[in-house]
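Hi everyone, thanks for making the time. I'd like to walk you through one structure today, so let me put it on the screen.

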Amino acid sequence: MRITYINIKKYILLSLAALLLCVTCACDSSTRLSASTTELHSQIFLQTDHAEIIQQNGQYIYKVYGRNGEAIEQGESTRPPEITMDGQILYFSLQTGTGAGTRWGFFYDYENGIRSETYTGLYDTYGDLVAYGSDRCVIVQDIFDPAIYRQTFSDFSPPLADITEPILAAEFIQGGTAIDVLYFSGANFQEETQQFMLLE
């Protein structure tokens, strides 16, 4: 009777040890599988000397580097940022929602190591000028120094519609000497376009 009890006890202990080993292996395998799956869902979207974007599980993880290799902007978004180079000037912009007001961005001058302010409501750029929206108006200014050039356009005819974001778009025309602004006007939100000449 004693031998049978000891054998049963050993059997139970061995069974528990085997079960514990199986659970441990299964967890380890699951962890490895999860890690492999994550790696499969990560891919390089963009990689240059100035910036990199990694697409991972539906997100775009981005990092922009200054001329000394320091990170000057980083973050993640459900949409990929637009990063372009024009000579020594980098242009970064990101649309975070619907409407022109949700587009923001900045410029970086690699030759001089200067970053512009961050512009929200970005509409268009032309040469050294940027057009962006603020408080129911369009501002055109020098990218890096508003003291060099800044002009605000807020007098619309017919007037802007009484909504949060009546201005739909603004675009430089005539070789950067004028700007076209598309906007909603009136209670029926009629689309209107008005042209403004830039000061020389």
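Let's start inside: which residues have the most contacts within the largest nonpolar core? This is a predicted model, by the way, so please keep that in mind throughout. The residues in question are Val138, Val140, Ile167, Ile179, Val181 and Leu198, and the core they belong to has 18 residues. Four strands each supply at least two residues of it: β11 (129-133), β12 (138-142), β14 (167-173) and β15 (178-185). There is also another core, lying apart from this one, with 14 residues, including Val64, Ile72, Leu90 and Phe92.

Let me zoom in on Leu198. Setting aside residues up to four places away in sequence, Leu198 touches a list that includes Leu129, Val140, Tyr149, Phe153, Phe172 and Ile179. Gln151, Gly176, Thr177 and Ala178 are touched by Leu198 as well.

Now to the sheet around β15. Three strands make up an open, antiparallel sheet, in the order β14-β15-β16. Because β14 and β16 (190-197) each have a single partner strand, they stand at the edges, and one side of each is left without a neighbour in the sheet. From one strand to the next, the twist averages 20°. Between β15 and β16 the antiparallel pairing runs over eight bridges, and Val181, which we met in the core, sits opposite Gln194 in β16.

Staying in strand β15, have a look at Ser185. Is Ser185 buried or exposed? Its relative accessible area is 7%, so Ser185 counts as buried. Beyond its neighbours within four places in sequence, Ser185 is in contact with Pro158, Pro159, Leu160, Ala161, Gln190 and Glu192.

Over to the other sheet I wanted to show you. Here four strands form an open sheet with antiparallel pairing, ordered β1-β2-β3-β4. The edges are β1 (42-47) and β4 (71-77), each pairing on one side only. Neighbouring strands in this sheet are turned by 15° against each other on average, ignoring direction. β1 and β2 run antiparallel and are joined by five bridges; Leu46, for instance, has Ile53 in β2 as its bridge partner.

Last stop: the loop between β2 (51-56) and β3 (59-65), where we find Asn57.

Methods
Residues are numbered from 1 along each chain as its sequence is written. This is a predicted model: local features need pLDDT of at least 70, side-chain atom pairs count only at pLDDT 80 or more; totals for chains, interfaces and linings use all residues. Side-chain values use heavy atoms; hydrogens and water are left out. A nonpolar core is a set of buried Ala, Val, Leu, Ile, Met, Phe, Trp, Tyr and Cys residues joined through side-chain atoms within 4.5 Å. Buried means under 20% relative accessible area, exposed over 50%, partly exposed in between (1.4 Å probe, protein chains only). Contact means heavy atoms within 4.5 Å. Two strands pair if DSSP finds at least two bridges between them. Axes are lines fitted to C-alpha atoms, for helices over the stretch in contact, and angles run from 0 to 180 degrees between N-to-C directions.
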